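User: I'd like to go through the salt bridges in this one. Can you take a look with me?

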Amino acid sequence: MTPRTWQLLRQLADGEFHSGEALGRQLGISRASVHNALAGVAGVQLQRIRGRGYRLAEPWHFLDGDEIGRCLGADAARFQIEILQQAASSNTELMRRAGAPCGTVLAVELQTGGRGRIGRVWHSGLGNALTFSLLWRFDCGLNALSGLSLAVGVAIFRALEKFNAAGVGLKWPNDILAPGGKLGGVLIEAQGDMYGPSTVVIGIGINCSLPLMIARAIDQPAAALNQVCAAPPTRNPLLAALLQELARVLDEFAIAGFAPFCREWERYHAQQDMPIQLKMPDGSCVQGIARGVTDAGELRLETAQGIRQFNSGEVGVAS
Ligand code: BTN
């Protein structure tokens, strides 16, 4: 997207109609140039109605470092936050900057190549999702990081609780579920060696609303924050709350690993004590009753052969 397109989108942020002429006047360009700059902008749901002009399908509260900083208060000192207008993936970008200080945050307005777990795609459009990555360093090696992704799920749950999100739960290992489907996901990528210091990039995507364009692209039931919060937060206070909870959880994780979060994770577990099916990487399936997680974050499944523990697989509903 060109800088001109971004300027125009900012003028359209209120979600009201703006005529091509008025938009052009503000930027000192012709109506035809406005039209060209707004033609077929990927990831942006834009309406154009003859005689009325252009408007965004819903208002866009853009990410704002100052507002995020104010919401963070004293915790602001722990983070270096950068907002990118557009990037393929905040995780890819932050992994490229792996030498950056602990606490570096990249939040992206429009992620065009969002990546999910197991090679999946994470779909989001302009303003409808919070998509960001946080770089964190641990003194321990990669082998001590098992359970980190579940601990991150606990931090996200705690942050969403602050906004009274109703009916939210966690699915092993770290999906955020709401009654209508998946509300958010976590992609953790790490650098380092098994025993030395390690660097992780924690990528989080949360659906704030689900415009049709995005809902159609997602291949599984999905949900958004505006369906579960009576007063949904905008993305700036949401990001600040997530970072605050992440810092608390990651500090504790660095000292004691996942064990202190184990029982809390189980309280948030949407499928606790329910029959589930675990699809293994080799395509085979294991059925059982979900009996929580181990201190290392493995899924405990009560099967016909007794309790078994798993550190990989995709959880589905038992058939
Ligand atoms: C999943 O549930 O499969 C994980 C989804 C993670 C998506 C987030 S959005 C911000 C960060 N950048 C990415 O490319 N992916 C993560």
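What follows is a short exchange about salt bridges in this predicted model.

User: How many salt bridges turn up in the whole structure?
Analyst: A search of the whole structure, which is a predicted model, finds 16 salt bridges.

User: Which residue does Lys162 meet in a salt bridge?
Analyst: Lys162 pairs with Glu245 through their side chains, with an N to O distance of 3.1 Å. Because Glu245 belongs to helix H9 (residues 235-256) and Lys162 to helix H6 (residues 148-162), this pair ties together parts that are 83 residues apart in sequence.

User: And is Glu245 buried or exposed?
Analyst: Glu245 is buried, its relative accessible area being 4%, whereas Lys162 is partly exposed at 43%.

User: What about Glu245 and Arg248, where do they lie?
Analyst: Both are in helix H9, three residues apart, which is about one turn of the helix, and their side chains also meet in a salt bridge, at 2.9 Å from N to O.

User: Switching topic, what does Asp273 form with Arg291?
Analyst: Asp273 and Arg291 form a salt bridge in which the closest N and O atoms are 2.8 Å apart. Asp273 sits in the loop between helix H10 (262-268) and strand E10 (275-279), while Arg291 is in strand E11 (residues 285-293), so the pair ties together parts that are 18 residues apart in sequence.

User: How accessible is Asp273?
Analyst: Asp273 counts as partly exposed, at 45% relative accessibility, and Arg291 is partly exposed too, with a relative accessible area of 27%.

User: Which residues are joined into one network?
Analyst: Glu82, Glu93, Arg96 and Arg97 are, through salt bridges that share partners.

Key
Residues numbered from 1 in each chain as written. Predicted model: local features only at pLDDT ≥ 70, side-chain atom pairs only at ≥ 80, totals over all residues. Heavy atoms only, no water. Salt bridge = Lys/Arg side-chain N within 4 Å of Asp/Glu carboxyl O. Helix = DSSP H or I, 4+ residues; strand = E, 2+ residues; numbered from the N terminus. Buried < 20%, exposed > 50% of the residue type's maximum accessible area, 1.4 Å probe, protein only.
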